[in-house]
Amino acid sequence: MRQAAQLIESDALKWLDGCPQPVVFAVDPADRSTRAALERWLNHHALKATIVDQRRPRLSGALNDALDAIRTRYIHWCGADDQAYWWRYPQVLERIGSRSPAWMVGRCETRRPNGRPTGAGVYRNMLHPLTRFLLPLTNTVGCPAVIFSRDLALQAGGFDEATPAAMDYDLWVRLHAVEPPLVLPFALGRFTVHEHSLTQANRRASLEDCYRARRRYFRHAWVANAARGFQAAQFKLQDLLGE
């Protein structure tokens with residue numbers, strides 16, 4: 001993965017300008033360059049932001065540390081080089097009306113660093129309208145396009161740090177077991193694919209971690225086994241399409 005400090009120095013966080021909601025950054029305290037770059041960036045941008053020291057290892061641990069620090073009802077998270085489309089929040093509020101969904105999923109734009117969309121992202125968005133039905137079988141969700149209840153995530157145990165290659169999907173499946181998501185027809189985030197993406201680097205580990213998540217969800221093992229085979233084929237298709 002590209003260094004977070006370099007991303008910050010290149011003003012990759014400029015999309016946060018104007019965000020009306022509080023933002024929490026989880027940073028490894030040993031990574032002093034990233035923290036210094038982030039503090040410098042925040043000094044020049046009007047943003048309600050908090051920096052949290054990561055106490056637990058791996059990305060899943062950092063997410064749980066941030067989860068503990070957040071006080072808003074809903075959470076919208078993304079990686080250092082992704083984007084959460086906060087400017088769509090008025091559309092989200094209009095869509096949910098008086099409802100209080102446990103979590104909601106929008107479309108996720110998947111692009112390369114040069115801004116070009118990937119074929120795999122287009123493919124996943126074709127499956128997006130069927131997310132409520134397909135999610136337990138295959139991951140049709142892009143992390144930057146998910147908004148979920150903080151309380152429900154904590155009740156579900158947060159991100160499972162024992163499934164580092166699929167900690168996001170594992171949580172989505174546990175949330176789905178409580179309540180299927182509200183599926184929104186517009187994009188809520190952008191995922192950036194680059195040569196060091198964990199998405200590509202951990203295919204085999206992801207298959208096994210996703211299998212464990214589904215095995216807890218489905219009563220019969222054969223369903224989880226069949227889904228693992230389908231996901232393996234889907235990974236090959238995504239590679240052919242450019243992810």
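Which residue of strand 6 does Met-104 stand opposite? In this predicted model, Met-104 faces Ile-147 of strand 6. The pair belongs to a wider pattern of strand pairing, described next.

Strands of a sheet pair through backbone hydrogen bonds, in either a parallel or an antiparallel manner. Strand 5 (residues 103-111) and strand 6 (residues 146-149) run antiparallel and are joined by three bridges. Strand 5 and strand 7 (residues 182-192) run parallel, with seven bridges between them. On the strand 7 side, Ala-187 is the bridge partner of Arg-107.

Helix packing was examined for helix 8 (residues 167-178) and helix 10 (residues 203-217). Two packed helices are described by the angle between their axes and the distance between those axes. The axes of helix 8 and helix 10 come within 9 Å and cross at roughly 15°. Angles under 35 degrees count as roughly parallel, so helix 8 is roughly parallel to helix 10. The crossing of the two helices is right-handed. Helix 8 contributes Tyr-169, Asp-170, Val-173, His-176 and Ala-177 to the contact. Helix 10 contributes Cys-210, Ala-213, Arg-214, Arg-216 and Tyr-217. By class, the residues of this contact divide into six nonpolar, one polar and three charged.

Side chains of opposite charge can pair when their charged atoms come close. The model holds 15 salt bridges by the rule applied. One of them joins the side chains of Arg-55 and Asp-65, at 3.2 Å from N to O. Arg-55 lies in the loop between strand 2 (49-53) and helix 3 (58-69). Asp-65 lies in helix 3.

Key
Residues are numbered from 1 along each chain as its sequence is written. This is a predicted model: local features need pLDDT of at least 70, side-chain atom pairs count only at pLDDT 80 or more; totals for chains, interfaces and linings use all residues. Side-chain values use heavy atoms; hydrogens and water are left out. Axes are lines fitted to C-alpha atoms, for helices over the stretch in contact, and angles run from 0 to 180 degrees between N-to-C directions. Helices (H or I, at least four residues) and strands (E, at least two) are DSSP runs, numbered from the N terminus. Angles under 35 degrees count as roughly parallel, over 145 as roughly antiparallel, 65 to 115 as roughly perpendicular and the rest as oblique. A crossing is left-handed if the near helix is turned anticlockwise from the far one by less than a right angle, and right-handed if clockwise. Contact means heavy atoms within 4.5 Å. Ala, Val, Leu, Ile, Met, Phe, Trp, Tyr, Cys and Pro count as nonpolar, Asp, Glu, Lys and Arg as charged, and the others, Gly among them, as polar. Two strands pair if DSSP finds at least two bridges between them. A salt bridge is a side-chain nitrogen of Lys or Arg within 4 Å of a carboxyl oxygen of Asp or Glu.
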